[in-house]
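Subject: Structure for you to look at

Hello,

Here is the structure I said I would pass on. Please open it first, then read the notes below it.

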Amino acid sequence: MSSDRLMRIHSDEFRAMADRVLRATELTSRLNVLPFDDDAGKAELFEQILGRPLPAKVTIYPPFYTDHGHHLELAERVFINQNCTFLDYAGIRLGERVMVGPKATFITVGHPVDPEERKGWLSGAPIDVGENVWIGAGAMILPGVTIGRDAVVAAGAVVTDDVPPASLVTGGKATVHRRW
């Protein structure tokens, strides 16, 4: 996985990322209209999206969204419910037996907070989810977060900081921290 970093917008790296986003979007749009029981078609498209076959006993219910796909690492026996989004350019790893509820979102790329920097840069950091974690419906996991083994992220939680192993995290209330 990538480490914490900045990427200049309009650079060669940015253009390559943008090209992959278009390709991943095209592939996921095809995936998301397949009949639910077309296992062979889904397996073929997931292999193109991820750049490799799905690991053993991984279950993903479409619709499924990713902006890159090649930086999404899924261990065996991962379950991903419907309408989940993985913006994985900086890397996302889901350990064995991770369960992801519907409409969960994992975001590894964003923009700097400073308005001037925001115009010219993308920021990013990987997400790492340990074994046997449960991510509740509608949870949002933000760049740089590590979630420890056996943890539970409650439905609707917005996770901005690391989650210790074997813990429950909740909360989605937005709070103003500063103004500019």
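Which residues does Arg20 touch, not counting residues up to four places away in sequence? They are Leu27, Gln48, Ile49, Asp67, His68, Gly69 and His70, where contact means heavy atoms within 4.5 Å.

Some ground rules before the rest. This is a predicted model, in which local features need pLDDT of at least 70 and side-chain atom pairs count only at pLDDT 80 or more, while totals for chains, interfaces and linings use all residues. Residues are numbered from 1 along each chain as its sequence is written, and side-chain values use heavy atoms, with hydrogens and water left out.

Arg20

Arg20 is in helix H1; helices (H or I, at least four residues) and strands (E, at least two) are DSSP runs, numbered from the N terminus. Arg20 is buried, meaning under 20% relative accessible area with a 1.4 Å probe and protein chains only (exposed is over 50%, partly exposed in between).

Five strands make an open, parallel sheet in the order E3-E6-E9-E14-E17. Two strands pair if DSSP finds at least two bridges between them. Strands E3 (64–66) and E17 (158–159) are at the edges with a single partner strand each, so one side of each has no neighbour in the sheet. E14 (residues 140–141) pairs with E17 over two bridges, and Met140 has Val158 in E17 as its bridge partner.

The cores

In soluble globular proteins, nonpolar side chains tend to be buried together. A nonpolar core is a set of buried Ala, Val, Leu, Ile, Met, Phe, Trp, Tyr and Cys residues joined through side-chain atoms within 4.5 Å. The largest one here has 34 residues, of which Leu94, Phe106, Ile135 and Ile147 touch the most other members. Elements giving two or more residues to this core include helix H1 (12–31), helix H2 (39–50) and strand E7 (92–94). H2 gives the largest share, four residues. Apart from this core lies another, of six residues, among them Met17, Tyr89, Val109 and Leu122.

Ile92 is in strand E7 and is buried, with a relative accessible area of 0%. Among the residues that Phe106 touches are Ile92, Leu94 and Ile135.

Regards

Methods. Lys and Arg count as positive and Asp and Glu as negative; His and the chain ends are not counted. A salt bridge is a side-chain nitrogen of Lys or Arg within 4 Å of a carboxyl oxygen of Asp or Glu.
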